[in-house]
Amino acid sequence: MDDADSDAQAMLRVAAGDRRAFARLFDRHHASVARFAFRFVGNRERAEELTQDIFVKLYRNARAYQPTARFKTFLFRVATNHCLNEVRRGEYRTPRASAAAPDGDDRDGWDREGPQGDRPDAALEGRELERAVGEALADMSARERAAFTMCRFEGMAYRDIADALEASESAVKSLIHRATLAVARRIEALQTGTVPARSRA
């Protein structure tokens, strides 16, 4: 049984009231959801609050899960709706922040291995790239940010992103295309030295 099948089976057990199955799903997917939430709010503590809320919603809506949908798609639909609702309410505002977890801190397993390597100059370059991507994310619409994050950071397929966003695949492709261009422009500005000084600090 692969991870996707295992998750689907675990979610069915959650729907039947199995709390240990829920704990396993939480352990397996907490970091992905926290990274996703962080890219909406740019603050680790707020992202953790959102992540807790998302998993509470997941538990409460477990009976709505149909095994015809991939578990990760279902989870990110819950996460996307929650983050978009919070942003619409204006409670959270995405600051210009790194694309990675703050300060490269990986104590909770949030951050993925970056491009820094062991060389200080490579680490600095990696940080600047992360910051440029973070700034591009902050300037995107919430749906562009969600689609780009699921595609580029979580490796989800267009079809699954479309399900999570309750949009067509063509709409998702358009969102990701615009977001990718925005990121490319930021990186180009960084490389040509036209990024504002604050961004290169």
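Reader: Why are Glu154 and Arg35 called buried?

Author: Buried means under 20% relative accessible area, exposed means over 50%, and partly exposed is what lies in between (1.4 Å probe, protein chains only). Glu154 and Arg35 both fall in the buried class. This is a predicted model, in which local features need pLDDT of at least 70 and side-chain atom pairs count only at pLDDT 80 or more, while totals for chains, interfaces and linings use all residues. Residues are numbered from 1 along each chain as its sequence is written, and side-chain values use heavy atoms, with hydrogens and water left out.

Reader: What makes Glu154 and Arg35 a salt bridge?

Author: A salt bridge needs a side-chain nitrogen of Lys or Arg within 4 Å of a carboxyl oxygen of Asp or Glu. For Glu154 and Arg35 the N to O distance is 3.5 Å, so the pair qualifies. Glu154 sits in the loop between helix 6 and helix 7 while Arg35 belongs to helix 2, so the bridge links parts 119 residues apart in sequence. Helices here are DSSP runs of H or I with at least four residues (strands: E, at least two), numbered from the N terminus.

Reader: What makes Arg178 and Glu144 a pair of this kind?

Author: Their closest N and O atoms are 2.7 Å apart, so they meet the 4 Å limit. Arg178 is in helix 8 and Glu144 in helix 6, so this bridge ties parts that are 34 residues apart in sequence. Arg178, at 40% relative accessibility, is partly exposed, whereas Glu144, at 13%, is buried. Salt bridges with shared partners also join Arg35, Lys72 and Glu154 into one network.

Reader: How many salt bridges does a search of the whole structure find?

Author: Eight. One of them joins Asp18 and Arg13, at 3.8 Å from N to O.

Reader: How do you know what span to expect of helix 4, and what span does it have?

Author: The expected span is 1.5 Å times one less than the number of residues. Helix 4 (residues 71–88) has 18 residues, and its reach from first to last C-alpha is 26 Å, close to the 26 Å expected. Its buried residues include Phe71, Phe74, Phe76 and Thr80. Just after helix 4, Gly90 has a positive phi of about 80 degrees.

Reader: What makes a set of residues a nonpolar core?

Author: The members are buried Ala, Val, Leu, Ile, Met, Phe, Trp, Tyr and Cys residues joined through side-chain atoms within 4.5 Å. The largest such core has 41 residues, with Met11, Met150 and Ile161 having the most contacts inside it. Helix 2 gives this core its largest share, nine residues. At least three residues come from each of domain 1 (7–95) and domain 2 (117–196), with bounds taken from an automatic or database domain assignment.

Reader: Which residues does Met150 touch?

Author: Contact means heavy atoms within 4.5 Å. Leaving out residues up to four places away in sequence, the partners of Met150 include Phe36, Phe76, Thr80 and Ile161.
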